[in-house]
Amino acid sequence: MSPALQVVRRTEIAWARNAMAACLLTALLAQAAELPATERQAILEAARGPASVQAGQPVRFVVTRLNVDANWAVLVGSLVQANGGPLDWRKAKACDPQLDKMLWAVLARADGRWRVAQLDVCATEPPYWMTREQGGFVWPCGVYAGLSDAQGRSLEAACRALNR
């Protein structure tokens, strides 16, 4: 790739990340008031250990979406080092340091404790884009709030339409 194209690509990536961060911050602020702090902390703590193992280092979450419905939670975001710095992705298991990364976690609550049911610390595309292709909506519809498929359609609305 020519140096000029590399500059254009880096600019495009930076713009896309800034736009996504602004949208996600808006969603996060709207969400923060809905979930009690103790519940949020319990979910994050349940996911932190397994995420640190997959990342090969202690992590902190940058949460873009945390939805809870019934005894299920969906956590979407990204990872940073425990001190807030960028992760050394070379330490992460099965992650390509050159590709985009996204945190995806599904947790289930049983006996008052949250446990990880699914976890991907370096998803290159949102796993929920393939919800329909991977067997449909398997969790309560509320955990899909604010998520959309690859065509931009609301997953929560699609789930509720199927469950009428």
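**Note on salt bridges, strands and disulfides**

1. Arg 160 is partly exposed, at 41% relative accessibility. The classes used here are buried (under 20% relative accessible area), exposed (over 50%) and partly exposed (in between), with a 1.4 Å probe and protein chains only.

2. Basis of the note. This is a predicted model, in which local features need pLDDT of at least 70 and side-chain atom pairs count only at pLDDT 80 or more, while totals for chains, interfaces and linings use all residues. Residues are numbered from 1 along each chain as its sequence is written, and side-chain values use heavy atoms, with hydrogens and water left out.

3. Confidence. The pLDDT score is the predictor's confidence in each residue, from 0 to 100. The protein chain has a mean pLDDT of 83. Of its residues, 77% reach 70 or more. A contact means heavy atoms within 4.5 Å.

4. Salt bridges. How many does a search of the whole structure find? The total is 5. The criterion is a side-chain nitrogen of Lys or Arg within 4 Å of a carboxyl oxygen of Asp or Glu. Side chains of opposite charge can pair when their charged atoms come close.

5. Glu 39 and Arg 109 form a salt bridge, with 2.3 Å between the closest N and O atoms. This pair links distant parts of the chain, 70 residues apart: Glu 39 sits in helix 2 (residues 37–55), Arg 109 in strand 3 (residues 103–110). Helices (H or I, at least four residues) and strands (E, at least two) are DSSP runs, numbered from the N terminus. Arg 109 has a relative accessible area of 25%, so it counts as partly exposed.

6. A pair within helix 2. Glu 45 and Arg 48 form a salt bridge at 3.0 Å, N to O. Both residues lie in helix 2. They are 3 residues apart, about one turn of the helix. Glu 45 is partly exposed, at 42% relative accessibility. The two side chains also make a polar contact at 3.0 Å. That term covers N or O atoms within 3.5 Å; within protein, one must be able to donate a hydrogen and the other to accept it, and residues adjacent in sequence count only if both atoms are side-chain atoms. Leaving aside neighbours within four places in sequence, Arg 48 is in contact with Gln 41, Val 59, Arg 60 and Phe 61.

7. A pair within helix 3. Glu 156 forms a salt bridge with Arg 160, the closest N and O atoms being 2.9 Å apart. Both lie in helix 3 (residues 155–162), 4 residues apart, about one turn of the helix. Glu 156 is partly exposed, at 21% relative accessibility.

8. The strands. Two strands pair if DSSP finds at least two bridges between them. Strand 1 (residues 59–69) and strand 2 are antiparallel partners over 10 bridges. Val 62 stands opposite Ser 78 in strand 2. These two strands make a hairpin with 2 residues between them. In the turn, Ala 70 has a positive phi of about 55°. Strand 2 also pairs with strand 3, again antiparallel, over 6 bridges. Here Val 76 faces Trp 104 of strand 3.

9. Is strand 2 (residues 72–81) enclosed or open? Of its 10 residues, 7 are buried, so strand 2 is largely enclosed by the rest of the structure. In a regular strand the side chains alternate between the two faces of the sheet.

10. First disulfide to check. The model has 2 disulfides, counted as cysteine sulfur pairs within 2.5 Å. Cys 95 is joined to Cys 122, S to S 2.0 Å. The link is left-handed, with -95° about the S-S bond. Cys 95 is in the loop between strand 2 and strand 3, and Cys 122 in the loop between strand 4 (113–120) and helix 3, so the pair ties together parts 27 residues apart in sequence. Cys 95 is buried at 11% relative accessible area, and Cys 122 is buried at 13%.

11. The other disulfide. Cys 141 is joined to Cys 159, S to S 2.1 Å. This link is left-handed, with -75° about the S-S bond. Cys 141 lies in the loop between strand 4 and helix 3 and Cys 159 in helix 3, so parts 18 residues apart in sequence are tied together. Both Cys 141 and Cys 159 are buried. With the bonded cysteines of the protein chain numbered in sequence order, the pairing reads 1-2, 3-4.
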